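This briefing concerns the chain displayed below.

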Amino acid sequence: MTTGNHNTIATTFAEFQAGMQLYTKPAERDLAEWLWGFYVNVLNKSAAALKAESGLSAEEINALFRTALDGFSEKDRADVFRAIAALRSRTARNIPLVLTAVTRRILDTLDYCRDHQTMTYICGPTGRGKTYTAEFWAEKNNHGRTHLVRCPSSCSRATLVKVIADSFGVSRTGSVADREQLLFRAVNKRHVLIIDEAGHLLNQAGSRSPIEFLRDLHDITGCGVCMIFTDVYLPEFTQGKNRDYFEQFIGRIEYPLEIPKLVRKDEIRSIVRAFVPEADKEFLDLAMSEARGRKGKLRTLFRDLTTAKGLAESKGQVMNYDHFADAVAFREEKGAWTEDY
């Protein structure tokens, strides 16, 4: 590979954007965009960490981001992209996901958002896999194009602009208005923004509201936007004091997904049989009782099944109903009070 004396990664987001336009091979651009996202969102823009993780020099990285490796030999170009591909493979989290009727619909919603550059939302009770499935989808889609951000409580427009800008690597200097303008230039129809805990955006309405910024960002840039929120926030849209304002906003949502409050039987069957393919009715009935009777719903079910699997493996056995029942009993006993003597 080509090496040099340049030890600083000083590529700005504007330079990165311009550099991406120079790529003629989609596969190469894909890897360059992925590395930028990894650098910004995983390594927090640590140049030392990026050089150590990738094995690339600062000169190579800057050239990758700014000039599409213009002037590099074919062998050196191939070596750079081979190093990035190896890093991508090595750092992939490989998040496991059980495909159920609900997780498939969540994936379909995110696919639609990406493929049609539209606004969507995913709304449902806690413990139904909304965030986890979105993380799975984001892992399978490019770091540099998919941006999953979490809204803090009482999220203001300024805070939302900050967290989105940070996920792109846009400069932290300047006013909120300045950063908004930078984002309007930075984001394009190749990008998907997944806004988790989007219910925190509903604390205000009007032209300066955070949710209005999302609409502006979508309208101006053509990017896909998917908001994820729990169902407790849905009445704020339909019955709250700002319902007239939000009614206009919801009318722009092309693909709303509202997950049923009651856990579906086919969800439970899919999850249980991912652990025990031959699970019988007794096993499924206990799983149904736990999933429908607990606040944690499927989150609690997954935890109990994982505990049961570990218990079976510790005994050198194949997981069965008894292991699951023991795991449920163990969890419930931990939350119980002993008798008052």
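The model is predicted, with an average pLDDT of 87 over the chain. A score of at least 70 is reached by 89% of the residues.

**Confidence along the chain**

- Confidence is highest in strand β3, residues 192-196, where the mean is 96.
- The lowest mean, 68, belongs to helix α12, which covers residues 243-250.
- Residues 1-5 have a pLDDT below 50.

**Overall make-up**

- The chain contains 16 helices and 5 strands.
- Of its 341 residues, 48% are buried.
- Considering contacts between residues at least 6 apart in sequence, 73% join residues at least 24 apart.

**Aromatic pairs**

- With ring centres required to lie within 6.5 Å, the count is 16 aromatic pairs.
- The pair of Trp36 and Phe65 is edge-to-face, because the ring planes stand at 80 degrees and the cut-off for this class is over 60. The ring centres of Trp36 and Phe65 are 5.1 Å apart.
- Trp36 belongs to helix α2 (residues 26-42) and Phe65 to helix α4 (residues 58-66), so this pair links distant parts of the chain, 29 residues apart.
- Both Trp36 and Phe65 are buried.
- A second pair is formed by Tyr121 and Phe229, whose ring centres are 5.3 Å apart. Their planes meet at 40 degrees, so the pair is classed as tilted.
- Tyr121 is in strand β1 (residues 119-124) and Phe229 is in strand β4 (residues 224-230), so the pair ties together parts separated by 108 residues in sequence.
- Tyr121 counts as buried because its relative accessibility is 4%, under the 20% limit. Phe229 has a relative accessible area of 2% and is therefore buried as well.
- One aromatic cluster is made up of Phe13, Phe16, Trp36, Tyr39, Phe65 and Phe168. The edge-to-face pair of Trp36 and Phe65 thus has both its members in this cluster.

- Strand β1 is mostly covered, with 6 of its 6 residues buried.
- Met119, Tyr121 and Cys123 point to one side of β1, while Thr120, Ile122 and Gly124 point the other way. All of these residues are buried.
- β1 pairs with β4 in the parallel sense over 6 bridges. Within this pairing, Gly124 has Thr230 of β4 as its bridge partner.
- The tilted ring pair of Tyr121 and Phe229 joins these two strands, with Tyr121 in β1 and Phe229 in β4.
- β1 also pairs in the parallel sense with strand β5 (residues 255-258), over 4 bridges. Here Thr120 stands opposite Tyr255 of β5.

**Asp30 and its surroundings**

- Asp30 is located in helix α2, the helix that also holds Trp36.
- The side chains of Asp30 and Arg88 are joined by a polar contact of 2.8 Å.
- Apart from neighbours within four places in sequence, Asp30 is in contact with Arg88, Asn142 and Arg145.

Conventions: Residues are numbered from 1 along each chain as its sequence is written. Side-chain values use heavy atoms; hydrogens and water are left out. Rings of Phe, Tyr and Trp (its six-membered ring) pair if their centres lie within 6.5 Å; planes under 30 degrees apart count as stacked, over 60 as edge-to-face and the rest as tilted. Buried means under 20% relative accessible area, exposed over 50%, partly exposed in between (1.4 Å probe, protein chains only). Contact means heavy atoms within 4.5 Å. A polar contact is a pair of N or O atoms within 3.5 Å; within protein, one must be able to donate a hydrogen and the other to accept it, and residues adjacent in sequence count only if both atoms are side-chain atoms. Two strands pair if DSSP finds at least two bridges between them. pLDDT is the predictor's confidence in each residue, from 0 to 100.
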